[in-house]
Amino acid sequence: MKRIVLTGGGTAGHVTPNIALIPRLKELDYDIHYIGSYEGIEKKLIEELEIPYYGISSGKLRRYFDLKNFTDPFRVLKGYGQAHSLLKKLKPDVVFSKGGFVAVPVVLAAKQLHIPVIIHESDMTPGLANKLAIPSATKVCCNFPETLKYLPADKAVLTGSPIRKELLEGNKLAALDFCGFTANKPVLMIIGGSLGSANVNNAIRGILPTLLEKFQVLHLCGAGKLDPALDGTKGYVQYEYIKKELADMFALADIVVSRAGANAICELLDLRKPALLIPLGSNASRGDQILNAESFKSQGFCEVLLEENLTPELLTETIFKLYDSRTDYIEAMEKSSMSNAVETISDLIEKAAGIR
């Protein structure tokens with residue numbers, strides 16, 4: 001049996017693409033193992049799938065001053081030793097890395113052991129962890145055409161991001177029943193990100209009466225972000241987080257307002273959902289969501305509003321424009337070459353596994 005080691009962690013975005021690949025890897029008869037951090041988010045998510053999981057020491061490599069900069073390099077060195085021992089024992093045919101700092105020692109150890117490595121970079125420009133790992137990679141997958149110029153030409157492959165197959169199999173009627181909506185009015189879905197966005201939530205709630213004249217509103221607002229005063233509002237439902245019914249809700253949505261995390265917008269692309277993206281500002285991140293959103297807009301997939309421009313009038317106008325022109329966005333998404341990432345990446349994995 002072929003064997004693969006998956007790695008990546010620190011945030012859900014460094015885990016969910018790995019999870020999306022697992023069913024296809026099982027179909028291809030891979031024996032799948034996972035290396036992550038001791039107690040990161042990836043541990044719970046992977047163990048729920050009954051995939052063998054191995055925790056290693058990890059540390060963050062920062063570009064700014066922090067006292068942990070003096071201790072984390074030792075954690076990384078320890079993690080490298082642990083990863084080297086695990087890979088030597090497991091003898092995988094290939095390693096697939098979704099990134100995050102826990103993945104760096106795994107990728108470096110694989111290189112030292114002559115194990116082929118496939119890396120996936122979600123954002124427009126490679127983060128520090130992937131920059132350190134790219135020289136050890138056989139191939140580097142990416143989500144955006146603009147990213148190719150930042151990668152070695154002989155390694156770069158434009159794939160898009162793998163998304164979970166079940167997201168494509170939602171039941172619209174089940175979502176109508178779950179939300180208590182009617183079938184004769186369009187549905188606007190709001191996604192504030194895994195932690196919820198107070199700015200997006202407040203902006204939507206500020207124009208809710210106007211939105212409800214045209215739409216039924218399905219609002220995923222994040223943990224602790226519910227507004228009890230809006231409970232019972234006709235045509236409006238709010239949830240902190242949805243897991244089991246998420247595919248059904250996507251099937252129900254006519255248009256979406258979302259943050260611009262790379263995995264989230266690649267899901268919207270595969271689902272052919274016209275979206276208004278409100279990226280996390282550069283004051284709260286390294287600005288990657290802004291670049292992600294601008295790339296998707298340039299390809300005709302979405303509209304974009306920056307947080308600093310989030311006035312009630314402009315937000316209302318843009319949402320209505322998005323709905324009225326929704327077929328144009330869907331047609332642009334239909335033409336995209338990045339909508340079958342699971343197959344493309346699994347083919348790269350198969351080829352890499354055959355290199356040894």
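Valine 95 has valine 117 of strand 5 as its bridge partner. Strand 4 (residues 94-97) and strand 5 (residues 117-121) run parallel where they pair, over 3 bridges; two strands are said to pair if DSSP finds at least two bridges between them. Helices (H or I, at least four residues) and strands (E, at least two) are DSSP runs, numbered from the N terminus. The model is a predicted one, in which local features need pLDDT of at least 70 and side-chain atom pairs count only at pLDDT 80 or more, while totals for chains, interfaces and linings use all residues. Residues are numbered from 1 along each chain as its sequence is written, and side-chain values use heavy atoms, with hydrogens and water left out.

Strand 5 is mostly covered, with 5 of its 5 residues buried. Here buried means under 20% relative accessible area, exposed means over 50%, and partly exposed lies in between (1.4 Å probe, protein chains only). In a regular strand the side chains alternate between the two faces of the sheet. Both faces of strand 5 are covered, with Val117, Ile119 and Glu121 buried on one side and Ile118 and His120 buried on the other.

The interior comes next. In soluble globular proteins, nonpolar side chains tend to be buried together. A nonpolar core is a set of buried Ala, Val, Leu, Ile, Met, Phe, Trp, Tyr and Cys residues joined through side-chain atoms within 4.5 Å. The largest such core has 63 residues, of which Met189, Leu218, Leu315 and Ile319 touch the most other members. Helix 10 (residues 262-271) gives the most to this core, contributing 6 residues. Beyond its neighbours within four places in sequence, isoleucine 319 is in contact (heavy atoms within 4.5 Å) with Leu188, Ile204, Ile207, Leu211, Phe215, Ile255, Val257 and Leu276. Another core, of 26 residues, lies apart from the largest one, and its members include Ile19, Tyr53, Ile349 and Ala352.

The buried residues of helix 14 include Ala341, Val342, Ile345, Ser346, Leu348, Ile349, Ala352 and Ala353. They cover an arc of only 155° around the axis, which puts them on the same side of helix 14; the arc is that of the directions from the helix axis to the C-beta atoms. In helix 11 (residues 288-298), Asp288, Gln289, Ile290, Asn292, Ala293, Ser295 and Phe296 are buried. The buried residues of helix 11 pack against helix 10, strand 12 (275-277) and strand 13. Just after helix 11, glycine 300 takes a positive phi of about 85°.

The whole structure holds 11 salt bridges, each a side-chain nitrogen of Lys or Arg within 4 Å of a carboxyl oxygen of Asp or Glu. Arginine 24 forms one with glutamate 27, the closest N and O atoms being 2.9 Å apart. Both residues lie in helix 1 (residues 16-27), 3 residues apart, or about one turn of the helix. Glutamate 27 is exposed, at a relative accessible area of 52%. Arg24, Glu27 and Glu343 are linked in a network of salt bridges.

Glutamate 267 and arginine 164 also meet in a salt bridge, at 3.5 Å from N to O. Glutamate 267 belongs to helix 10 and arginine 164 to the loop between strand 7 (156-158) and helix 6 (172-179), so this pair ties together parts that are 103 residues apart in sequence. Glutamate 267 is buried at 14% relative accessible area, whereas arginine 164 is partly exposed at 23%.

Two histidines complete the picture. Histidine 84, in helix 3 (residues 72-90), is buried, with a relative accessible area of 19%. Leaving aside neighbours within four places in sequence, histidine 84 is in contact with Ala109, Gln112 and Leu113. Histidine 14 lies in the loop between strand 1 (2-7) and helix 1 and counts as partly exposed at 24% relative accessibility. Not counting residues up to four places away in sequence, histidine 14 touches Gly8, Gly9, Tyr34, Lys98, Gly99 and Gly100. Histidine 14 and alanine 103 are 89 residues apart in sequence and 9.6 Å apart in space, C-alpha to C-alpha.
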